[in-house]
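Hello,

I am handing over the structure below, with some notes for someone who has not seen it before. Please have a look at it before reading on.

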Amino acid sequence: MLEQVRIVLVNTSHTGNIGSAARAMKTMGLSDLWLVDPVSPPDSQAIALAAGASDILANARTVPTLAEAVADCGLVIGTSARSRTWSWPMLDAREAGEKVMTEAPRHKVALVFGRERTGLSNDELQQCHFHVAIPANPEYSSLNLAMAVQTLSYEVRMAWLAGEQGAVTEIEQDYPLSEDLERFYQHLEQTLLETGFIIKPHPGQVMTKLRRMFNRARPEDHELNILRGILTSVQKKGR
(Lines give C-alpha, C1' and ligand atoms only; values in the text may rest on other atoms or scores of the structure.)
Protein backbone atom coordinates (compact mmCIF):
# COMPACT_ATOMS: atom_id res chain seq x y z
CA MET A 1 0.00 0.00 0.00
CA LEU A 2 2.94 2.35 0.50
CA GLU A 3 3.41 2.33 -3.27
CA GLN A 4 0.01 4.03 -3.51
CA VAL A 5 1.29 7.05 -1.57
CA ARG A 6 2.68 9.97 -3.59
CA ILE A 7 4.77 12.81 -2.20
CA VAL A 8 4.37 16.01 -4.23
CA LEU A 9 6.77 18.95 -3.82
CA VAL A 10 5.58 22.23 -5.33
CA ASN A 11 8.00 24.82 -6.74
CA THR A 12 10.88 23.79 -4.47
CA SER A 13 13.64 26.43 -4.42
CA HIS A 14 16.64 24.46 -3.20
CA THR A 15 17.71 21.18 -4.79
CA GLY A 16 19.19 20.03 -1.49
CA ASN A 17 15.69 20.02 0.00
CA ILE A 18 14.53 17.70 -2.78
CA GLY A 19 17.34 15.29 -1.92
CA SER A 20 16.61 15.47 1.80
CA ALA A 21 12.92 14.86 1.16
CA ALA A 22 13.79 11.79 -0.93
CA ARG A 23 15.89 10.48 1.97
CA ALA A 24 13.01 11.10 4.40
CA MET A 25 10.67 9.18 2.11
CA LYS A 26 12.93 6.18 1.68
CA THR A 27 13.48 5.73 5.41
CA MET A 28 9.70 5.29 5.75
CA GLY A 29 9.27 3.03 2.72
CA LEU A 30 7.81 5.62 0.32
CA SER A 31 9.12 5.90 -3.23
CA ASP A 32 6.72 7.89 -5.45
CA LEU A 33 8.08 11.45 -5.72
CA TRP A 34 6.61 14.12 -8.01
CA LEU A 35 8.09 17.59 -8.51
CA VAL A 36 5.85 20.45 -9.61
CA ASP A 37 7.70 23.25 -11.39
CA PRO A 38 10.91 23.07 -9.31
CA VAL A 39 13.14 26.16 -9.53
CA SER A 40 16.01 23.82 -10.51
CA PRO A 41 16.00 20.11 -11.32
CA PRO A 42 17.73 17.70 -8.92
CA ASP A 43 21.50 18.07 -9.17
CA SER A 44 24.64 16.85 -7.42
CA GLN A 45 23.65 18.58 -4.19
CA ALA A 46 20.30 16.81 -4.24
CA ILE A 47 22.02 13.46 -4.80
CA ALA A 48 24.49 14.15 -1.96
CA LEU A 49 21.74 14.98 0.53
CA ALA A 50 19.60 12.06 -0.63
CA ALA A 51 22.28 9.87 1.04
CA GLY A 52 21.43 6.59 -0.67
CA ALA A 53 17.96 7.55 -1.91
CA SER A 54 19.21 8.65 -5.35
CA ASP A 55 16.96 5.98 -6.93
CA ILE A 56 13.93 7.97 -5.75
CA LEU A 57 15.39 11.11 -7.37
CA ALA A 58 16.12 9.22 -10.59
CA ASN A 59 12.51 8.00 -10.80
CA ALA A 60 10.90 11.30 -9.74
CA ARG A 61 8.35 12.76 -12.15
CA THR A 62 8.48 16.48 -12.98
CA VAL A 63 5.32 18.25 -14.18
CA PRO A 64 4.41 21.94 -14.64
CA THR A 65 1.24 22.04 -12.51
CA LEU A 66 -0.19 20.56 -9.33
CA ALA A 67 -3.30 19.49 -11.26
CA GLU A 68 -1.14 17.15 -13.39
CA ALA A 69 0.64 15.75 -10.33
CA VAL A 70 -2.59 14.71 -8.60
CA ALA A 71 -4.85 13.99 -11.58
CA ASP A 72 -5.00 10.24 -10.94
CA CYS A 73 -5.32 10.53 -7.13
CA GLY A 74 -8.56 9.94 -5.27
CA LEU A 75 -7.36 11.69 -2.11
CA VAL A 76 -5.19 14.82 -1.98
CA ILE A 77 -3.97 16.27 1.33
CA GLY A 78 -2.16 19.60 1.30
CA THR A 79 0.13 20.86 4.03
CA SER A 80 -0.73 24.27 5.48
CA ALA A 81 1.07 26.01 8.31
CA ARG A 82 -1.15 29.10 8.45
CA SER A 83 -4.83 29.95 8.51
CA ARG A 84 -6.40 30.91 5.19
CA THR A 85 -9.22 33.18 4.10
CA TRP A 86 -11.49 30.17 3.63
CA SER A 87 -11.33 27.37 6.19
CA TRP A 88 -10.99 23.84 4.80
CA PRO A 89 -11.45 20.41 6.41
CA MET A 90 -8.38 19.98 8.63
CA LEU A 91 -6.43 16.95 9.82
CA ASP A 92 -3.53 16.66 12.20
CA ALA A 93 -0.49 14.62 11.18
CA ARG A 94 -1.71 11.39 12.78
CA GLU A 95 -5.17 11.70 11.27
CA ALA A 96 -3.59 12.35 7.87
CA GLY A 97 -1.53 9.15 8.09
CA GLU A 98 -4.60 7.14 9.03
CA LYS A 99 -6.69 8.74 6.29
CA VAL A 100 -4.02 7.96 3.69
CA MET A 101 -3.86 4.28 4.65
CA THR A 102 -7.64 3.98 4.86
CA GLU A 103 -8.02 5.09 1.24
CA ALA A 104 -4.79 3.75 -0.33
CA PRO A 105 -6.32 0.33 -1.16
CA ARG A 106 -8.88 2.07 -3.41
CA HIS A 107 -6.82 4.68 -5.24
CA LYS A 108 -3.59 6.64 -5.22
CA VAL A 109 -3.26 9.30 -2.55
CA ALA A 110 -1.06 12.40 -2.51
CA LEU A 111 0.58 14.43 0.24
CA VAL A 112 1.38 17.87 -1.15
CA PHE A 113 4.11 20.15 0.22
CA GLY A 114 4.51 23.79 -0.78
CA ARG A 115 7.33 26.26 -1.22
CA GLU A 116 9.93 26.55 1.50
CA ARG A 117 9.11 30.17 2.28
CA THR A 118 5.44 30.64 1.43
CA GLY A 119 3.93 27.15 1.31
CA LEU A 120 1.02 26.37 -1.00
CA SER A 121 -1.06 29.11 -2.60
CA ASN A 122 -4.79 29.34 -1.92
CA ASP A 123 -5.52 28.09 -5.44
CA GLU A 124 -3.31 25.04 -4.85
CA LEU A 125 -4.89 24.33 -1.47
CA GLN A 126 -8.31 24.41 -3.13
CA GLN A 127 -7.23 21.38 -5.17
CA CYS A 128 -6.87 19.37 -1.95
CA HIS A 129 -9.61 17.45 -0.14
CA PHE A 130 -8.07 18.10 3.27
CA HIS A 131 -5.40 20.31 4.79
CA VAL A 132 -2.93 19.02 7.35
CA ALA A 133 -0.99 21.05 9.90
CA ILE A 134 1.82 19.64 12.02
CA PRO A 135 1.19 20.82 15.62
CA ALA A 136 4.67 22.18 16.25
CA ASN A 137 5.73 24.42 19.13
CA PRO A 138 3.78 27.67 18.53
CA GLU A 139 6.72 29.66 19.91
CA TYR A 140 9.06 28.08 17.36
CA SER A 141 7.21 26.28 14.60
CA SER A 142 9.98 26.44 12.00
CA LEU A 143 9.93 23.10 10.16
CA ASN A 144 12.00 22.79 7.00
CA LEU A 145 10.63 20.92 4.01
CA ALA A 146 12.42 17.63 4.67
CA MET A 147 11.31 17.66 8.32
CA ALA A 148 7.69 18.06 7.25
CA VAL A 149 8.03 15.23 4.72
CA GLN A 150 9.68 13.04 7.37
CA THR A 151 6.95 13.72 9.93
CA LEU A 152 4.06 12.90 7.64
CA SER A 153 5.86 9.94 6.04
CA TYR A 154 6.39 8.54 9.55
CA GLU A 155 2.69 8.88 10.34
CA VAL A 156 1.83 7.12 7.08
CA ARG A 157 4.18 4.28 7.94
CA MET A 158 2.78 3.92 11.46
CA ALA A 159 -0.75 3.74 10.02
CA TRP A 160 0.45 1.16 7.49
CA LEU A 161 1.98 -0.97 10.26
CA ALA A 162 -1.28 -0.70 12.21
CA GLY A 163 -3.13 -1.82 9.09
CA GLU A 164 -0.87 -4.84 8.77
CA GLN A 165 -2.05 -5.79 12.24
CA GLY A 166 -5.69 -5.22 11.30
CA ALA A 167 -6.12 -1.97 13.22
CA VAL A 168 -7.04 0.18 10.18
CA THR A 169 -10.30 -0.31 8.30
CA GLU A 170 -10.34 0.21 4.53
CA ILE A 171 -13.04 2.40 3.00
CA GLU A 172 -15.73 0.80 0.86
CA GLN A 173 -16.68 3.91 -1.14
CA ASP A 174 -15.33 4.73 -4.58
CA TYR A 175 -14.38 8.39 -4.72
CA PRO A 176 -13.74 10.28 -7.98
CA LEU A 177 -10.18 11.00 -9.02
CA SER A 178 -8.89 14.54 -8.77
CA GLU A 179 -9.11 15.05 -12.56
CA ASP A 180 -12.78 13.94 -12.52
CA LEU A 181 -13.53 16.36 -9.70
CA GLU A 182 -11.83 19.19 -11.60
CA ARG A 183 -13.96 18.43 -14.67
CA PHE A 184 -17.06 18.62 -12.45
CA TYR A 185 -16.00 22.03 -11.13
CA GLN A 186 -15.44 23.27 -14.68
CA HIS A 187 -18.85 21.92 -15.70
CA LEU A 188 -20.48 23.55 -12.66
CA GLU A 189 -18.87 26.92 -13.33
CA GLN A 190 -19.84 26.84 -17.02
CA THR A 191 -23.45 26.01 -16.11
CA LEU A 192 -23.63 28.83 -13.57
CA LEU A 193 -22.22 31.24 -16.15
CA GLU A 194 -24.82 30.15 -18.70
CA THR A 195 -27.70 30.59 -16.24
CA GLY A 196 -26.40 33.98 -15.15
CA PHE A 197 -25.86 32.93 -11.55
CA ILE A 198 -22.19 33.89 -11.99
CA ILE A 199 -21.37 37.06 -13.91
CA LYS A 200 -18.08 36.52 -15.74
CA PRO A 201 -16.61 40.03 -15.17
CA HIS A 202 -17.40 39.77 -11.44
CA PRO A 203 -17.34 36.08 -10.44
CA GLY A 204 -16.79 36.79 -6.76
CA GLN A 205 -16.05 33.87 -4.42
CA VAL A 206 -18.90 31.59 -5.50
CA MET A 207 -16.71 28.83 -6.95
CA THR A 208 -14.32 28.93 -3.99
CA LYS A 209 -17.24 28.43 -1.60
CA LEU A 210 -18.73 25.66 -3.76
CA ARG A 211 -15.37 23.88 -3.96
CA ARG A 212 -15.12 24.00 -0.20
CA MET A 213 -18.65 22.63 0.18
CA PHE A 214 -18.18 19.72 -2.25
CA ASN A 215 -14.71 18.89 -0.90
CA ARG A 216 -16.22 18.75 2.57
CA ALA A 217 -19.05 16.53 1.32
CA ARG A 218 -16.71 14.22 -0.68
CA PRO A 219 -19.30 12.95 -3.22
CA GLU A 220 -18.75 9.36 -4.34
CA ASP A 221 -18.34 8.36 -7.99
CA HIS A 222 -22.01 7.66 -8.66
CA GLU A 223 -23.07 10.80 -6.79
CA LEU A 224 -20.75 12.91 -8.93
CA ASN A 225 -22.26 11.33 -12.05
CA ILE A 226 -25.73 12.34 -10.82
CA LEU A 227 -24.55 15.91 -10.27
CA ARG A 228 -22.99 16.02 -13.75
CA GLY A 229 -26.29 14.73 -15.19
CA ILE A 230 -28.23 17.47 -13.39
CA LEU A 231 -25.90 20.12 -14.79
CA THR A 232 -26.27 18.73 -18.30
CA SER A 233 -30.08 18.79 -18.04
CA VAL A 234 -29.99 22.41 -16.84
CA GLN A 235 -27.78 23.36 -19.78
CA LYS A 236 -30.04 21.61 -22.29
CA LYS A 237 -33.13 23.31 -20.88
CA GLY A 238 -31.44 26.69 -20.96
CA ARG A 239 -30.30 26.28 -24.55
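The notes below cover salt bridges, helix packing and a surface patch.

Please keep in mind that this is a predicted model.

Salt bridges: the whole structure contains 10 of them. One of these joins Asp-32 and Arg-6, with 3.1 Å between the closest N and O atoms. Asp-32 belongs to strand E2 (residues 32-36) and Arg-6 to strand E1 (residues 5-10), so the pair, 26 residues apart, links distant parts of the chain. Asp-32 has a relative accessibility of 17% and counts as buried; Arg-6 is buried too, at 2%.

Lys-99 is partly exposed at 24% relative accessibility, whereas Glu-103 is buried at 0%.

In helix H8, Asp-180 and Arg-183 are 3 residues apart and therefore separated by about one helical turn. The closest N and O atoms of their salt bridge are 2.5 Å apart. Asp-180 is partly exposed, at 24%, and Arg-183 is partly exposed, at 40%.

Helix packing: the axes of H1 (residues 15-27) and H7 come within 8 Å and cross at roughly 15°, so the two helices are roughly parallel. Their crossing is right-handed. H8 (residues 178-195) and H10 (residues 221-238) pack at about 25° with axes 10 Å apart, and this crossing is left-handed.

Surface: Tyr-154, Met-158 and Leu-161 form a nonpolar patch with about 250 Å² of accessible area together. Tyr-154 sits in helix H7 (residues 145-164) and is partly exposed, at 37%.

Regards

Conventions. Residues numbered from 1 in each chain as written. Predicted model: local features only at pLDDT ≥ 70, side-chain atom pairs only at ≥ 80, totals over all residues. Heavy atoms only, no water. Patch = residues over 30% accessible without salt bridge, like charges linked within 9 Å, V, L, I, M, F, W, Y side chains within 5 Å. Areas by Shrake-Rupley, 256 points an atom, 1.4 Å probe, with all protein chains shown as cover. Salt bridge = Lys/Arg side-chain N within 4 Å of Asp/Glu carboxyl O. Helix = DSSP H or I, 4+ residues; strand = E, 2+ residues; numbered from the N terminus. Buried < 20%, exposed > 50% of the residue type's maximum accessible area, 1.4 Å probe, protein only. Axes fitted to C-alpha atoms, helices over the stretch in contact; angles between N-to-C directions. Parallel < 35°, antiparallel > 145°, perpendicular 65-115°, else oblique. Left-handed = near helix turned anticlockwise from the far one by under 90°.
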